[in-house]
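Q: Please walk me through the pockets and the ligand of this model. I would like to know what stands behind each term.

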Amino acid sequence: MTTSTITLNNGVEIPAIGLGVFQTPPEETVAAVATALRTGYRHIDTAAAYGNEKEVGQGIRESGVPREDIFIESKVWISDYGYDETLHAFEKSAAKLGVEQIDLFILHQALPSAFDKTIAAYKALEQLLADGKVRAIGVSNFMPEHLTQLLEQTDVVPAVNQIELHPYFQQKELVALHRKHGITTQAWSPIGGITSYRESAKRSFDEPVILTIGEKHGKSAAQVMLRWHIQNGVQVIPKSTKAHRIAENFDVFDFELTPDEVAQIDALDTGVRGGPEPDVITLENFGKPIPEA
Ligand code: NDP
């Protein structure tokens, strides 16, 4: 039986579905967040680098849903890595969101060429956790070698690793490593949004295998993909600014994929990443200042 929450490795519960807001313009963020919360979502995934934390906070307040019922996740950008810098990054994000505590605070990327800075940033997250300023900590876009180094040099096993994950890019070895260490896999671009950002790419929304499965259940391609993740124990954060799609993406708890249907989607992996290779992320090519609150 699939439930609508996932228990993280420190006992904190995260909703199985959250709303993503990457590339949601600030002027559309308030409405998207408030709509999602009124639809039943209880988790919002933002990031300092998205430039819309203030509007996420405003959307939360405008929704009428009590703060304590909402799971807020944000990410520290690489330009704020380092122990003191990351402690300050929390202050900036919390002030923009208008909250005292952030439920899940994660490192947005590893900095492979400056891993000491990545470790210092993670140690700041450990301090924020110990101080009760965050309820859980984690990472994003960490590859197996980054996770291994992190586990060797720090004390708290990340609660999550948020990675690119959709039917065309499944990262099975990394997901197996997460399972081994009790790290929850969070899927970014869970419905393969990234496959539709380039004209030339094969769009997950047009995948015949997924569309055929959807027809059998009376569900859309997006709903089938989200259901596939949830049945695999993967937490999802689909992004939309449109009320009807925000509702559609949440309407995935009234059907179940068969083992054969899950296997058919498992077989769609191409091994081709849509986002940047995590190893090429450096301060020189991806750094940008994160404004004060
Ligand atoms: P998604 O897989 O969520 O797809 C989003 C795209 O699909 C948008 O173009 C959206 O358009 C469209 N869409 C949404 N719902 C539907 C639907 N039901 N049917 C058809 N199209 C739909 O991709 P994202 O890349 O946005 O990833 C989701 C979230 O993951 C981000 O918002 C962010 O929070 C996180 N993320 C994290 C990254 C990281 O490095 N940690 C990197 C990238 C994303 P429209 O808005 O017009 O509906």
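Q: What makes helix α9 stand out in the lining of the largest pocket?
A: Helix α9, residues 243-250, gives the most to that lining, with three residues. Helices here are DSSP runs (H or I, at least four residues), and strands are E runs of at least two, numbered from the N terminus. This is a predicted model, in which local features need pLDDT of at least 70, side-chain atom pairs count only at pLDDT 80 or more, and totals for chains, interfaces and linings use all residues. Residues are numbered from 1 along each chain as its sequence is written, and side-chain values use heavy atoms, with hydrogens and water left out.

Q: Why is a space called a pocket and not a cavity?
A: Both are sets of points on a 1 Å grid over the protein atoms alone. In a cavity a 1.4 Å probe fits but cannot get out; a pocket is an open set, with protein on both sides within 12 Å along at least five of seven lines. Lining residues have an atom within 4 Å of a point.

Q: How much space lies in the largest pocket, and which residues are closest to its centre?
A: The space is about 950 Å³. The lining has 40 residues, and Phe22, Gln23, Trp188, Ser189 and Tyr197 are the closest to the centre. A volume is the space filled by probe spheres set on the points, which are joined across faces, edges and corners.

Q: How do you know where the ligand sits?
A: A molecule sits in a pocket if more than half of its atoms lie within 2 Å of the grid points. The ligand therefore sits in the largest pocket by this definition.

Q: Which helix supplies the largest share of the lining of the second largest pocket?
A: That is α6, with four residues. The space there is about 160 Å³.
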